[in-house]
Amino acid sequence: MTLGIEVKSLQLNYGSFRAIKDVSFTLAGGKIYGLLGRNGSGKTSLLSILASFREQTSGVVAIGGEAPFENAKIMEQVCFIQESGYMQDSTSVADVLRLSESCWPNWDREYAARLIQLYELPLKKRLSALSRGMKSALGVTVGLASRAPVTIFDEAYLGMDAPSRYAFYEELLQDYMETPRTFILSTHLIEEIGTLFEEVLILDQGHLIMHEETDALRSRGATITGPDEVVDRLTEGLTVLGEQQLGRTKSVTVFGELTKEQRKLALAEGIELGPVSLQDLFVHLTKRRGDGQ
Amino acid sequence: MFDDRSPIYQQIADKIKDDIVRGLLQEDEQVMSTNQFAAFYRINPATAAKGFHLLTEEGILYKKRGIGMFVSGEARQSLIQNRRERFFEEVVDQMLAEADKIGVPISEIIGRIEKANRRNEA
Amino acid sequence: MTRKRRHPAHNVTHQLLFTYRWTFIVYWIVFIAIFIGIAVVLNHLAPSKEAMDSQSVWEGAANSPKVFLMVIGILLTPLSLASFVSSGVTRKHFIMGIGFFMMVMSAIFAFVMVAGYPIEQMIYDKNGWSLALNNPHIFTSSDQLIGIFFEYFFLFFAYFGSGWMIGSGFTRFQWQIGIIISVVALLPAMAMEVVLSSDWMGSLMQSVFEVERSPLAAVIVLAIIVMASIIGLNYLLIRRVAIKKKVV
């Protein structure tokens, strides 16, 4: 079963600070979504609202058509995993699994056991005695084994070393293909995990500045490199995300589709057209321009 | 794995086409499923499916309901035909443009090709 | 894939009982061991038999479990709310679950207290001492077991609940307001003593203000109202509280 998520004019204030500013989007569900944003862009705040950890200041959130906050039917279907976790330090790994198993309706015990073995999690150890990587692995185990129709990982895997992270990506994908559900992953390790996202949302200073299919987004960026006057002529009227100049050679990152004529012109003038990686697009789209905007 | 130069689904389509041209995939042979592709390359299955969609639209693959995707009968022929056309446009024309830029005369190029040809025949 | 599941509130109760099982068992073992130890020492060293006469020791012992339950109460919201909400349990079900948990624990603690009185009576009888109760109670002698049970059940619940409110107050507000809440949070415990006309507040009301004890039926109704308001007040405190990122 998959649940759609609808967010309309969402705002969240912490006192006088506005963390989420008029955010609206619709997720059809049953896909892997990437939520990208710099530190402090409002990712965790947004995800906390989806998971009913907080209530929004204003605006509407609907998961499966219902408001999630304090809605038992929805809350038990939304599993939100953060790196630090919310269990007390004095609880043991086994206790965390026990509690999770008792709370999540779709909990898959065999799957949990397999993940515990994969990550070599010590059942008897207390959380305070676990390394950062182990804590992350425990969070990932709970999230995956919860089999919650909406499973959210908020940078939950950052504490793991590269081999464990890749094992997680593989598990996530495998599990997603076997039992499709909605995954939302927030991250800044875009290079590693970007290929898993079907859609990408980018938050910047509390605003949702982008929500696109990953492939479409990737194809919309280009770098144009060549003699500066030609490049300037070519990029007129395009959204310029960034510029670099080396002598008379200029390299401009643009966002948007190049027309056939522009491509022809570029080819004729010996201009180099290059792709832009998701990571680069993200960096350009969320770059501070020094004027606080 | 993926070089980010073109959309991933395009690269997947190209990879399958290449396998067909090289004879690794025969006519009416079943192609790996989108899920297998996704797991192998660690990409979203929807992305892999897009690549497959591209190939069915071009008539290179066909779908058997409930079983999977198969290589069309005339896939290899048409792919080779297509590549031949592109060969002159993309390889020969570009080579000539480059030669022109650095002042290599065409006669020298022809000489080189004939030499290679003789070596191959020997 | 559906498993047989407990109701979420029931599950909260169940998990809390599991979590605190050893805390409670060890507490009673230590408590009773100390109590017996004191009794033995007193038995050997008592300067005169008259000094032991006419005073129930067990009666005074009830103060310890009250304070103990209050301390556990303080821990409930800060230590467990985030665990449950992050496991998909609503705050409302968490509060209901704690309500049941407190009832079960208060009942078990009250049973232990009830069991103590006849044992004490037996010891006193054996030694030929007479046994009297110092404080006012809803029961008048140590053989009114049902009365004893209900008095301790209500008192324990109230102290437990006052502690719970203190913890909830600190979870909801910053420490300055938390401190004010912790003072206010003592009101339910005091109210319960007034309602039952027992213990500190009970003696105060009777000796200073000469308040008459209400009829038993009224006492029970009022006690249940105090219990309900404890759960209600905690609900008001944490029903919309945000689960914050753990600061480690």
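**Strands, domains and chain contacts in a predicted model**

I start with a pair of strands in chain A: S1(A) and strand S4, residues 58-63, run antiparallel and are joined by 5 bridges. One position to look at there is A:Lys8, which stands opposite A:Val60 in S4(A). Before I go on, please keep in mind that this is a predicted model.

S1(A) also has another partner. Strand S1, residues 5-14 of chain A, pairs with strand S2, residues 17-27 of chain A, in the antiparallel sense, and that pairing runs over 7 bridges. What do S1(A) and S2(A) form? They form a hairpin. There are 2 residues between the strands, and in the turn A:Gly15 has a positive phi of about 60°.

Now the chains as a set. Which chains have the most contacts between them? Of the 2 pairs of chains that touch, chains A and C have the most contacts. Chain B and chain C do not touch, and their nearest C-alpha atoms are 23 Å apart.

The pair I will go through is chain A with chain B. Chain A puts 18 residues into this contact, and chain B puts in 15 residues. The size of an interface is often given as the accessible area lost when the parts come together. For chain A and chain B, the buried area is about 1,500 Å², and carbon and sulfur atoms give 55% of it. On the chain A side, A:Met177, A:Thr195 and A:Asp215 supply 36% of the area buried against chain B, more than any other three residues.

How many salt bridges are found across the interface of chain A and chain B? There are 3 salt bridges. A:Glu213 forms a salt bridge with B:Lys50, with the closest N and O atoms 2.7 Å apart.

Where do the chain A residues come from? Helix H6, residues 162-178, and helix H8, residues 214-219, are the elements of chain A that give two or more residues to the side touching chain B. H6(A) gives the most, with 7 residues. By class, this side of chain A divides into 9 nonpolar, 4 polar and 5 charged residues.

In chain B, domain 1 supplies 6 residues to the contact between the two, and domain 2 supplies 4 residues. The area buried between them is about 570 Å², with 61% given by carbon and sulfur atoms.

Across this domain interface in chain B there is 1 salt bridge. B:Arg83 forms a salt bridge with B:Asp18, and their closest N and O atoms are 2.5 Å apart. Between domain 1 and domain 2 of chain B, 3 residue pairs are in polar contact, again with both at pLDDT 80 or more. The side of domain 1 of chain B that touches domain 2 has 3 nonpolar, 1 polar and 2 charged residues.

Conventions:
Residues numbered from 1 in each chain as written. Chains lettered and ligands numbered in written order. Predicted model: local features only at pLDDT ≥ 70, side-chain atom pairs only at ≥ 80, totals over all residues. Heavy atoms only, no water. Contact = heavy atoms within 4.5 Å. Buried area = accessible area lost by both parts, 1.4 Å probe. Salt bridge = Lys/Arg side-chain N within 4 Å of Asp/Glu carboxyl O. Polar contact = N/O pair within 3.5 Å; in protein donor to acceptor, adjacent residues only side chain to side chain. Nonpolar A, V, L, I, M, F, W, Y, C, P; charged D, E, K, R; others polar. Pairing = 2+ DSSP bridges. Helix = DSSP H or I, 4+ residues; strand = E, 2+ residues; numbered from the N terminus.
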